[in-house]
Amino acid sequence: MSTATMSAPAISVRELSKSYGDLQVLRGVDLDVTPGAIVALLGSNGAGKTTLVRILSTVLAADGGAASVGGFDVTSQAAQVREAISLTGQFAAVDEILTGRENLILIARLRHLPDPRAIADALLEKFSLTDAGGRPVATYSGGMRRRLDIAMSLVGNPPIIFLDEPTTGLDPQARIEVWQAVKELAAGGTTVLLTTQYLDEAEQLADRIAILHEGRIIVDGTLAELKRLLPPAEVVYVEKQPTLEDVFLAVVGHTSATTKDGDPS
Ligand SMILES: Nc1ncnc2c1ncn2[C@@H]1O[C@H](COP(=O)(O)OP(=O)(O)OP(=O)(O)O)[C@@H](O)[C@H]1O
Ligand SMILES: [Mg+2]
C-alpha cells in the first residue's frame, strides 16, 4: 500500500538493524506509533536513539529490516517520507544574522507556501517569540533558539515530527514552554516521536514510552502500563517537600518567554 489510511500507524518499524563497523547499534527494533500520538524514545547515551531517528527521517540507511513513516517506506519512498516529516535541528538551519521572523518567512518561501508572513507570525505567537521576532537570532538565548528551531520545522504543518532531545540544555521554564508547544501540536493531530534523557519529560509529554536498550525496544507502553511492570506500590507516608524545580519556578517566577533571560535577581 502506498498511502496512509486512517488506521495505519504513522510510524511502523520492523526488525530494524544498523551497525557502524563492528558496533551493532540497532539489533532488531520493532515500534508502532499511532497517528496523533506523542511517543518518547528513552535510552542511555549511545543506545541508538539518534540513529533510529535518522533512519526514520531518511538521513541514514538501515542495514536490515523495514520502516515506514506516514505510510511510506523509508528506503523505496524516501522523497514521500521527507514530505511527511520534519526533524528539528537537522533540516532547520537557523540563520544568525536574520531575525526569527525572517528565518520563518524564508523557510515558508522555500517551501512555496502561500502567505509566508502570516505563517511566520502564527508560529512566533505559538512559541512565545512575537516580541523577539524582530531581533537577529544572534541575540537569542538557548531556549529561544530551540523554540525557533522547532517553529521552523513546523512550517508547512508536517503530519509527523521527530524531536531529538528537544529540551536538552534548556532551563525549567523554557522546557515547560517547549512541552506546551509539543502538546498543542499533538492536540492538533501531529504525530510526535521524541527522544529524551529526561524521565520527567517522558512522563509529562508522552502517550507512550518506548525504551531502547541493547539494540532493541525492550519496553513499550503507556506510563500506567510501565508502572504495572513493577510490584504493587507500598503505601508509605512522607512529608511532601517541594522539588528543586518547584523552588526554581517559584523564585524565578513564570515570567514571559522574552523577558526571562534577564537579570535573575
Ligand atoms: N557515524 C557514526 N560512526 C560510528 N559510530 C557511530 C556513528 N554514529 C553513532 N555512532 C555510535 O553508535 C552508538 C549509538 O549512537 P546514537 O547517537 O544513535 O545514540 P543515542 O542514543 O542518540 O545517544 P545520546 O543519548 O548520547 O544522544 C554510539 O555508540 C555512537 O558512538
Ligand atoms: Mg542522540
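This is a predicted model: local features need pLDDT of at least 70, side-chain atom pairs count only at pLDDT 80 or more; totals for chains, interfaces and linings use all residues.
**Exercise 1.** Describe the polar pairs at ligand 1 and the cover that the protein gives to the ligand.

*Solution.* 
1. Turn to nitrogen: an N or O atom in the side chain of Tyr-20 is 3.4 Å from a nitrogen atom of the ligand. The cut-off for a polar contact is 3.5 Å.
2. Now take the area: ligand 1 alone exposes 640 Å², of which the protein buries 58%.

**Exercise 2.** Which elements give two or more residues to the shell around ligand 1, and how do the shell residues divide by type?

*Solution.* 
1. Strand E2 (23–33) and H1 are the elements that give two or more residues.
2. H1 supplies the largest share, three residues.
3. Around the ligand there are 13 residues, and those that come nearest are Gly-46, Lys-49, Thr-50, Thr-51 and Gln-197.
4. By type, the shell holds seven polar, four nonpolar and two charged residues.

**Exercise 3.** Is helix H1 mostly covered or mostly open, and which of its residues are buried?

*Solution.* 
1. The helix spans residues 49–56 and is mostly covered, with six of eight residues buried.
2. The buried residues are Lys-49, Thr-51, Leu-52, Val-53, Ile-55 and Leu-56. Buried here means under 20% relative accessible area, with protein chains only as cover.
3. Just past the helix, Thr-58 has a positive phi of about 65°.

**Exercise 4.** Locate the largest nonpolar core and follow the contacts of Phe-127.

*Solution.* 
1. The core has 40 residues; Leu-104, Phe-127, Leu-129, Val-182 and Leu-194 touch the most other members.
2. Elements that each supply at least two residues include helices H3 (100–110), H4 (116–126) and H5 (142–153), and strands E7 (160–164) and E8 (191–196).
3. Helix H6 gives the largest share, seven residues.
4. With neighbours within four places in sequence set aside, Phe-127 is in contact with Arg-147, Ile-150, Ala-151, Leu-154 and Ala-181.
5. Another core, of 31 residues, lies apart from the largest one; among its members are Val-33, Leu-41, Leu-60 and Ile-160.

Methods:
Residues are numbered from 1 along each chain as its sequence is written. Chains are lettered from A and ligands numbered from 1 in the order in which they are written. Side-chain values use heavy atoms; hydrogens and water are left out. Buried means under 20% relative accessible area, exposed over 50%, partly exposed in between (1.4 Å probe, protein chains only). Helices (H or I, at least four residues) and strands (E, at least two) are DSSP runs, numbered from the N terminus. A residue is near a molecule or strand if one of its heavy atoms lies within 4 Å of it. A polar contact is a pair of N or O atoms within 3.5 Å; within protein, one must be able to donate a hydrogen and the other to accept it, and residues adjacent in sequence count only if both atoms are side-chain atoms. Accessible areas come from the Shrake-Rupley method with a 1.4 Å probe; for residues, only the protein chains shown count as cover. Ala, Val, Leu, Ile, Met, Phe, Trp, Tyr, Cys and Pro count as nonpolar, Asp, Glu, Lys and Arg as charged, and the others, Gly among them, as polar. A nonpolar core is a set of buried Ala, Val, Leu, Ile, Met, Phe, Trp, Tyr and Cys residues joined through side-chain atoms within 4.5 Å. Contact means heavy atoms within 4.5 Å.
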